[in-house]
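Hi,

Here is the structure I said I would pass on. Have a look at it first, and then read on for my notes.

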Amino acid sequence: MEFRRPKTLKNVLTHYCPGCGHGIVHRLVAEVIDELGIRERTIGTAPVGCAVLLYDYMNCDIIECAHGRPPAVATGIKRVLPDRIVFTYQGDGDLAAIGAAETIHAANRGENITVIFVNNAIYGMTGGQMAPTTLMGQWSTTTPAGRGKLGEGGPIKVCEMLSALDGPCYLERVAVSTPKDVLRAKKAIRKAFENQIAGKGFSLVEVLSMCPTDWKLSPKEAVDFVNEKMKTVFPLGVFKDR
Amino acid sequence: MPQIRFYAEHCKGCGLCVLVCPCQNIRISEDLNEHGHPFAVLVDPARCTYCAMCGRMCPDMAIEIFDGKNGSKENSGGAAK
Ligand SMILES: Cc1ncc(C[n+]2csc(CCOP(=O)(O)OP(=O)(O)O)c2C)c(N)n1
Ligand code: SF4
Ligand code: SF4
């Protein structure tokens with residue numbers, strides 16, 4: 001049994017808070033890139049959000065995009081350089097709020113890209129405002145009485161929504177809140193990259209992830225929040241696989 | 001023999017490894033590392049089963065396991081920059 005830092009993950013400290021799920025997801029993406037032997041031809045597109053410094057952490061080419069635009073940038077790269085492996089890495093604000101149009105249309109076109117969607121039910125970087133995926137009743141700085149009291153609507157379920165389209169080839173929701181979930185998440189991320197290598201089209205993996213800082217919870221409580229609250233609203237599973 | 005290593009300088013003391021270790025074999029230090037974080041410490045190396053659950057839950061790559069073959073004890077990640 002070996003468990004080592006993947007080559008695609010730079011040996012630097014990250015700026016993420018203690019117990020933040022982004023670090024786990026970064027490692028899983030890096031492990032998959034290592035295992036598939038695609039590091040030299042992989043190009044990542046980074047979001048605006050806590051993962052904005054992805055280029056400091058991943059040992060492959062990374063382009064930082066305007067907020068919400070990674071799927072549009074990835075579309076351009078993949079169409080010009082079809083032999084490259086192109087992925088986006090996005091938070092829920094980036095992917096489902098300001099970038100909702102880019103997400104839906106890239107999925108609908110069936111672009112041959114891999115989307116890693118980190119759903120932590122809040123805007124992390126900017127200090128904890130409501131995200132499209134914030135749960136009903138959940139506190140945030142912009143829903144101080146809990147989401148839903150002032151006509152904010154309910155959480156957007158990205159996998160369910162995209163599964164109504166013909167374009168996507170693979171949609172799965174996973175989590176990183178238990179070791180078993182982490183293993184399952186890695187399998188899904190691997191599949192999402194394999195699909196692109198096989199030319200199958202748009203693959204998206206939604207990862208339920210912890211944001212202890214803006215949830216105002218301890219790392220342990222944040223794991224419980226994912227397991228007990230988020231998983232009931234956002235059921236794990238495969239929503240499309242063809 | 002496999003070897004497990006905890007890199008104190010990479011650890012932020014979140015304690016997710018403590019939660020998931022099936023042997024309850026990890027604790028958080030009272031000291032702080034150079035970045036001001038408490039850090040995870042293996043309690044008893046002899047009780048470790050090298051299951052790597054702690055490493056998989058770690059957001060900061062602060063835990064590595066070496067299988068001891070091929071002279072691969074060399075630290076790939078190790079010291080934080
Ligand atoms: C055009 C534009 N609008 C708004 C912002 C402010 N902003 C920065 S990050 C962010 C949302 C981040 O949340 P999310 O995508 O969920 O990522 P997280 O930080 O939680 O990982 C917002 C609204 C911005 N930088 N640019
Ligand atoms: S604010 Fe939240 S998402 Fe951002 S680094 Fe901290 S824990 Fe992670
Ligand atoms: S490898 Fe397994 S048994 Fe050893 S410290 Fe980590 S979680 Fe505990």
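Predicted model: local features only at pLDDT ≥ 70, side-chain atom pairs only at ≥ 80, totals over all residues.

Let me start with helix H5 of chain A, residues 100–109. Its buried residues are Thr103(A), Ala106(A) and Ala107(A). Looking down the axis of H5(A), these buried residues sit within an arc of 100°, so they line one face of the helix. Their cover includes three helices of chain A: H3 (70–80), H4 (92–98) and H6 (158–162).

H3(A) has its own set of buried residues: Pro70(A), Pro71(A), Ala74(A), Thr75(A), Ile77(A) and Lys78(A). Note that a lysine, Lys78(A), is in that list. What do the buried residues of H3(A) pack against? On the strand side there are S1 (42–46), S2 (61–64) and S3 (85–91) of chain A, and on the helix side H4, H5 and H7 (179–197).

That brings me to helix H7 of chain A, where Phe193(A) lies. Phe193(A) has 0% relative accessibility, so it counts as buried. Setting aside neighbours within four places in sequence, Phe193(A) is in contact with Val29(A), Val32(A), Ile33(A), Leu36(A), Ile38(A), Ile85(A), Phe87(A), Thr114(A) and Ile116(A). Take Ile38(A) from that list: it is 155 residues away from Phe193(A) along the chain, yet the two C-alpha atoms are separated by 9.7 Å.

Another one to click on is His26(A), in helix H1 (residues 22–36) of chain A. Is His26(A) buried or exposed? With 2% relative accessibility, His26(A) counts as buried. Again leaving out neighbours within four places in sequence, the contacts of His26(A) are Leu9(A), Tyr16(A), Ala51(A), Leu54(A), Tyr57(A), Met58(A) and Tyr89(A).

Lys216(A) has a positive phi, near 60°; it sits in the loop between H8 and helix H9 (219–233) of chain A. Lys216(A) is exposed, with a relative accessible area of 54%. In chain B, Tyr50(B) has a positive phi near 55°, and its place is the loop between strand S3 (40–42) and helix H2 (53–57). Tyr50(B) is buried, at a relative accessible area of 15%.

Now for chain B as a whole. It has two helices and four strands, and from the N terminus the elements run β-α-β-β-α-β. Of its 81 residues, 52% count as buried. Among contacts in chain B with a separation of 6 or more, 60% come from residues 24 or more positions apart. Its accessible surface is about 4000 Å², and carbon and sulfur atoms hold 52% of that.

On to the cysteines. How many disulfides are there over all chains? With a cut-off of 2.5 Å between cysteine sulfur atoms, the count is zero. Cys60(A), for one, is in no disulfide: the nearest cysteine sulfur belongs to Cys65(A) and is 13 Å away. Cys60(A) is buried, with a relative accessible area of 12%. Cys11(B) is in no disulfide either, and there the nearest cysteine sulfur, from Cys17(B), is 6.2 Å away. Cys11(B) also counts as buried, at 10% relative accessibility.

Cysteines turn up again around the ligands. The residues around ligand 2 are Tyr16(A), Cys17(A), Cys20(A), His22(A), Cys50(A), Asn120(A), Gly124(A), Cys211(A), Pro212(A), Thr213(A) and Asp214(A). Helix H8 (residues 212–215) of chain A gives the most to this shell, with three residues. By class, the shell around ligand 2 has six nonpolar, four polar and one charged.

Ligand 3 is surrounded by 13 residues, and the closest are Cys21(B), Cys48(B), Cys51(B), Ala52(B) and Cys54(B). Its shell divides into twelve nonpolar residues, one polar and no charged ones.

Cheers

Technical notes
Residues numbered from 1 in each chain as written. Chains lettered and ligands numbered in written order. Heavy atoms only, no water. Near = heavy atom within 4 Å. Nonpolar A, V, L, I, M, F, W, Y, C, P; charged D, E, K, R; others polar. Buried < 20%, exposed > 50% of the residue type's maximum accessible area, 1.4 Å probe, protein only. Arc of directions from axis to C-beta. Contact = heavy atoms within 4.5 Å. Areas by Shrake-Rupley, 256 points an atom, 1.4 Å probe, with all protein chains shown as cover.
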